[in-house]
Amino acid sequence: MLNLETIFNLKHGDVLHIEHPVRSTCQRWRVTGKVQRWKRDPERFRVPLKHGLYTYDALLPDDESRVHLESECTGGA
């Protein structure tokens with residue numbers, strides 16, 4: 001699980017692992033841009049991500065409990 005400080009310090013090229021909800025494996029996602037923050041709501045953020053060759057998505061506040069850094073991964077990749 002990532003905390004807000006870690007999320008706000010992410011930079012382009014950092015690798016995150018997202019736990020699959022059914023299987024006990026992790027998917028490898030790469031940060032593809034700058035972390036976006038909102039002035040009126042400092043807890044709100046959006047981190048653009050890429051998985052594989054064609055899949056793009058974003059890390060939002062609801063998803064932070066399933067995400068960890070690649071260096072902290074204990075499951076399979």
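## The largest pocket

In this predicted model, the largest pocket has a volume of about 160 Å³, where a pocket is an open set of points on a 1 Å grid over the protein atoms alone, with protein on both sides within 12 Å along at least five of seven lines, and a volume is the space filled by probe spheres set on the points, which are joined across faces, edges and corners. Of the 13 residues that line this pocket, I18, Q27, W29, D57 and R66 are the closest to its centre, a lining residue being one with an atom within 4 Å of a point.

Strands β1, β2 and β5 (55–59) each supply at least two residues of the lining, and β5 provides the largest share, with three residues; strands here are DSSP runs of E with at least two residues, and helices are runs of H or I with at least four, numbered from the N terminus. By class, the lining has seven nonpolar, two polar and four charged residues, with Ala, Val, Leu, Ile, Met, Phe, Trp, Tyr, Cys and Pro counted as nonpolar, Asp, Glu, Lys and Arg as charged, and the others, Gly among them, as polar.

## Strand pairing

β1 and β2 pair in the antiparallel sense over five bridges, pairing being assigned if DSSP finds at least two bridges between two strands. These two strands form a hairpin with six residues between them, and E19 stands opposite C26 in β2. β2 is also joined to β4 by two bridges, again in the antiparallel sense, and V31 stands opposite L49 in β4.

## The nonpolar core

The largest nonpolar core has 15 residues, and those with the most contacts inside it are L10, L16, F45, V47, L49 and L59; such a core is a set of buried Ala, Val, Leu, Ile, Met, Phe, Trp, Tyr and Cys residues joined through side-chain atoms within 4.5 Å. The elements that give two or more residues to this core are α1 (4–8), β1 (15–19), β2 (26–31), β4 (45–51) and β6 (67–69), and β4 gives the most, with three residues.

Leaving aside its neighbours within four places in sequence, L59 is in contact (heavy atoms within 4.5 Å) with L16, F45, R46, V47, L49, E64 and V67.

## T6 in helix α1

T6, which is found in helix α1, counts as partly exposed because its relative accessibility is 27%, given that buried means under 20% relative accessible area, exposed over 50% and partly exposed in between (1.4 Å probe, protein chains only). The C-alpha atoms of T6 and L69 are separated by 9.3 Å, although the two are 63 residues apart along the chain.

## Basis of the values

Residues are numbered from 1 along each chain as its sequence is written, and side-chain values use heavy atoms, with hydrogens and water left out. As the model is predicted, local features need pLDDT of at least 70 and side-chain atom pairs count only at pLDDT 80 or more, whereas totals for chains, interfaces and linings use all residues.

Note on methods: On a 1 Å grid over the protein atoms alone, a cavity is a set of points where a 1.4 Å probe fits but cannot get out, and a pocket is an open set with protein on both sides within 12 Å along at least five of seven lines; lining residues have an atom within 4 Å of a point.
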